Amino acid sequence: MDIKRIYSQLISKFPDIEIYQNHPLATYTTVKIGGPADIFIHIKSLKDFSNILKFIYNLKPKIYPTILGNGSNVLIADSGIHSIVIKNDSQEFKILPNNQIKVSSGVQLTQLINNSLDHNLVGLEEFVYIPSSIGGAIYGNIHGFDKHDFNQFLDSIDVFDLNTNEIKHYPTNKISWSYDYSSFQDNPNLIILSTVINLQTGDSQAAKVKAQEIIQKKMTFQPMKSLGSVFKNPSESICLPIWNEKKPAGWIIDNELKLKGHSIGDAQISPLHANFFVNNGNCTSSDYLSLINLVQSQMQTKFNFQFELEIRLLGKFFVNNRNYT
């Protein structure tokens with residue numbers, strides 16, 4: 001990728017958009033870890049987002065940019081991301097008939113929940129205290145406090161297809177979904193622009209009380225300066241032969257591996273919850289990944305399986321002579 005040429009074209013074509021070279025990314029993540037982006041673009045509207053994606057479509061060779069929402073479930077390599085990174089802060093929000101809301105992918109989940117409750121539309125309150133953008137919530141199909149998956153509230157999704165230079169409209173049933181998974185994870189050409197969400201009218205004051213109760217509970221075990229859950233919970237088919245019931249990853253790391261509170265450098269398995277890893281000051285992504293590898297190694301030795309990562313690794317990592325890309 002000819003960074004200087006592409007950067008020059010971008011700032012010439014989009015003088016009103018924030019565009020930088022070799023721009024630090026750590027500040028855009030909840031764990032404050034990660035090196036720079038070769039090219040960093042900060043967009044604040046769907047119009048700018050679409051125009052930037054149309055520009056990227058015409059680049060040769062083909063480039064699929066990294067999209068950052070809240071940076072809450074991504075571990076960025078210390079060497080950074082040698083490509084284009086788009087920080088998505090698009091902020092469109094519209095109340096539709098039939099208890100629906102159309103919202104752009106850059107809107108923060110907390111903002112959507114508060115706005116929907118202010119309009120007496122309930123249902124999303126179980127997702128409070130999840131530091132995610134709407135695009136990230138869709139991409140990762142997050143699960144709420146009441147065990148609902150985010151896709152259960154979605155009506156349709158508009159995406160930009162970097163393979164065809166088109167904006168496409170997908171009904172939710174045309175996307176594949178499962179626990180912490182959407183088919184967007186396997187299709188980097190499909191960039192989420194906006195979604196229509198199905199809600200229902202209800203007692204917004206009761207919903208706000210419920211949201212505050214969930215926040216108070218989560219504050220006791222969920223450190224915000226982390227990447228969220230590092231590992232997905234293992235399936236019932238894995239757990240039953242070992243424990244005779246399904247067990248969450250945090251319980252296994254704490255009670256079976258006895259690693260809660262363990263540190264490597266400034267990366268620590270949180271004393272509050274063993275499936276949350278925190279940065280205690282000057283943690284590097286290599287420290288963080290070393291802690292992940294320690295858990296995986298002990299899981300393999302003791303139980304002959306490894307957890308599936310819930311977080312995404314962005315960039316190139318070298319830990320114990322292993323190359324992670």
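In this predicted model, K247 lies over the face of W251, at 4.1 Å from the ring centre.

A pair of aromatic rings is described by the distance of the centres and the angle of the planes. For W243 and W251 the ring centres are 6.2 Å apart and the planes stand at 85°, and because an angle over 60 degrees counts as edge-to-face, the pair is edge-to-face. W243, at 12% relative accessibility, counts as buried, while W251, at 29% relative accessibility, counts as partly exposed. The rings of F305 and F307 are likewise an edge-to-face pair, since their planes stand at 90° with the centres 6.0 Å apart. Both F305 and F307 are buried, and together with F231, F277 and Y288 they form one aromatic cluster.

Turning to helix α3, which spans residues 109-118, one finds that its buried residues are L109, L112, I113, S116 and L117. Viewed down the axis of α3, these buried residues fall within an arc of 125°, and therefore they line one face of the helix. The partners against which the buried residues of α3 pack include the strands β6 (93-96), β7 (100-104), β8 (121-122) and β13 (190-198), and among them are also the helices α4 (134-140) and α5 (204-219). Just after α3, the backbone at N120 takes a positive phi of about 60°.

Definitions and conventions. Residues numbered from 1 in each chain as written. Predicted model: local features only at pLDDT ≥ 70, side-chain atom pairs only at ≥ 80, totals over all residues. Heavy atoms only, no water. Phe/Tyr/Trp six-rings, centres within 6.5 Å; stacked < 30°, edge-to-face > 60°. Buried < 20%, exposed > 50% of the residue type's maximum accessible area, 1.4 Å probe, protein only. Lys NZ or Arg CZ within 6 Å of the ring centre and 35° of its normal. Helix = DSSP H or I, 4+ residues; strand = E, 2+ residues; numbered from the N terminus. Arc of directions from axis to C-beta. Contact = heavy atoms within 4.5 Å.
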